[in-house]
Structure formats: C-alpha cells, structure tokens
Amino acid sequence: MMRTALSYVMPDVPMAAVIWLSLLGVVILAIAALLLRPRHLLRFDAGARIREAALPSRTEHTEEQRDQDRWAEEVAVAADRADATARRRREEWLTAQDEAERAWQAYETAEADVRRLSAATGMPLPQTSRTPAEYADRERWLHRSAMEAYWRRELSVEQLSDVFAHRGWDPRLHPVEQELTLRRAVRDNLFARQQAAHAQEQERWRAAELAAAAARSLRDEALSALLPQVEERESVLPLTALGGVEQTREMPTVVPGRAAPAY
C-alpha cells in the first residue's frame, strides 16, 4: 500500500523542485538588482513632485501666458505712445521757451528806447509853428508811426484803435513827445506779451514733466509685465535644487580648465 502511494507522488517531485528553484532564482535576481542599483529603482524625485504641485497645468499655463503676453504688449504700446507724447511735449516746451526769450529781448529793447527818449524830452524841444497844417502833420505822423508799429507787432489792435480814435492820445503834441508816448505804449504791449509767453512756457514745462513721468511709469509697468515668469521660476528653483541635492548626494562635475565651485 505504501509503495503504491509513493509510486503516485515520486513522479511529481522533480517538477515541484524545478518550480521552486525557478522562484528562488527570480527572488535572488530581484534582491541582487536592488542591492546593485538601488538608486535607479527606489529614487524619490521630491523636487519634481514639488515642481509639479507648484506649477499650473499645461492648459492653465498656456492661457495665463497668453493673457500675460497680451497685457505686456498693450503696456508696451502704451509706453511707446507715452514716450512720443513726452517728446512732443518737450519740443513744445522748448519752442515756448524760445518765444519767451525773444519776447523778453524785445521788451528790453523797448525799455531802452523809452529811457533814451525820456532823457531827450528833458531837453528843450524845438519850437514849431502851431498852425492847423502843423497839427495835421503831427496827426498824420502819429497815425503812420502807430500803423508801422502795429505791422511790426509792437502794438495791439486795441492800442491802434485807440490811436485813431484819439483815446488817450493827443495828436497835437510835439513829435518828440508823441514818439515817447508811442514807445511807452509799445513797451507796455511787449511786456504784457512777455508775461503771457512766460506763463505759457511754464505751462508747457509742467505738461512736459507730467508726460515724462507718465512715460517713465509706463516703461516700468512694461518691464514688470515681462518678469512674472522669471520670478515664478526663481521662486520654485530653490525647492527643486534642494530636493536634487538631498536625493543624489553626488559630487559636482569639474569642467577641465575651471575650478570646482566651493560649497
């Protein structure tokens, strides 16, 4: 009976031994692989995990990048326009400055004429006959001199109208006295023009300063619109670099001809 049972079992023993030996060989190979190259099998990339968690998905990143590029382009266009406006305002200010300088020089010339004629009227005036013809000549001379001063833009149209209407003007005065009165009117008109030119020059200067400040602000905004991605990468980079150092513990590669960095 015993022999009969063994006759059934013995033929399966070699097959079972082969199976067990195969399994044992697989286990030995797996253990050997773990012992020989553990880093490639068990390496945990913490930096990659942190980077993947911190950065947006590809779709979100693409949409965000598109919006950022659009905003940067709009700000750049606005900055270019602001620069052009600032240059135009500066040119207008320089033009107004030149006009104010010319108005001041014209006023100084008129003031010098008034001082010269004032000194001349202190001397005895030449005696002339006081006849209707003489008064008519004096009136014609006054009208002609006032008209010439008007065409030289030394008198305003209101002043010229006063001369012809004899408002504040006496055509019977001696020509020297009439010349002094005319020079004083010219001086007053040029002084008022100089004051207006100076006020305009100050206004153009303030406009140029405001335009330059706006241009600088938009240039700074355009520059900052180009930097968010760089700042985002710099904020994530220390985490990934730290994870890489903790994982690998590898020595830095030394490039021939350069010194190894100091840690």
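From the N terminus on, the elements of the protein chain run α-α-α-α-α-α-α-α-α, which amounts to nine helices and zero strands, where helices (H or I, at least four residues) and strands (E, at least two) are DSSP runs numbered from the N terminus. This is a predicted model, in which local features need pLDDT of at least 70 and side-chain atom pairs count only at pLDDT 80 or more, while totals for chains, interfaces and linings use all residues. Residues are numbered from 1 along each chain as its sequence is written, and side-chain values use heavy atoms, with hydrogens and water left out.

Of the 263 residues in the protein chain, 20% are buried, that is, under 20% relative accessible area with a 1.4 Å probe and protein chains only, with exposed meaning over 50% and partly exposed in between. Among contacts (heavy atoms within 4.5 Å) between residues at least 6 apart in sequence, 81% join residues at least 24 apart.

The largest nonpolar core has 13 residues, and those with the most contacts inside it include Ala 146, Leu 155, Trp 169 and Val 186; such a core is a set of buried Ala, Val, Leu, Ile, Met, Phe, Trp, Tyr and Cys residues joined through side-chain atoms within 4.5 Å. Helix 5 (58-121), helix 6 (132-151), helix 7 (157-165) and helix 8 (175-225) each supply at least two residues of this core, and helix 8 gives the most, with four residues.

Helix 6 and helix 7 pack at an angle of about 175°, with their axes 10 Å apart, the axes being lines fitted to C-alpha atoms, for helices over the stretch in contact, and angles running from 0 to 180 degrees between N-to-C directions. Helix 6 is therefore roughly antiparallel to helix 7, a term for angles over 145 degrees. In this pair, Leu 142, His 143, Ala 146, Met 147 and Tyr 150 in helix 6 meet Val 157, Leu 160, Val 163 and Phe 164 in helix 7.

Glu 154 lies in the loop between helix 6 and helix 7 and is buried, with a relative accessible area of 17%. Leaving aside neighbours within four places in sequence, Glu 154 is in contact with Ala 149, Gln 159, Arg 183, Val 186, Asn 189 and Leu 190. The table gives its side-chain polar contacts, each a pair of N or O atoms within 3.5 Å, of which, within protein, one must be able to donate a hydrogen and the other to accept it, and residues adjacent in sequence count only if both atoms are side-chain atoms.

| Side chains joined | Polar contact |
|---|---|
| Glu 154 and Arg 152 | 3.1 Å |
| Glu 154 and Arg 183 | 3.3 Å |

Methods. Angles under 35 degrees count as roughly parallel, over 145 as roughly antiparallel, 65 to 115 as roughly perpendicular and the rest as oblique.
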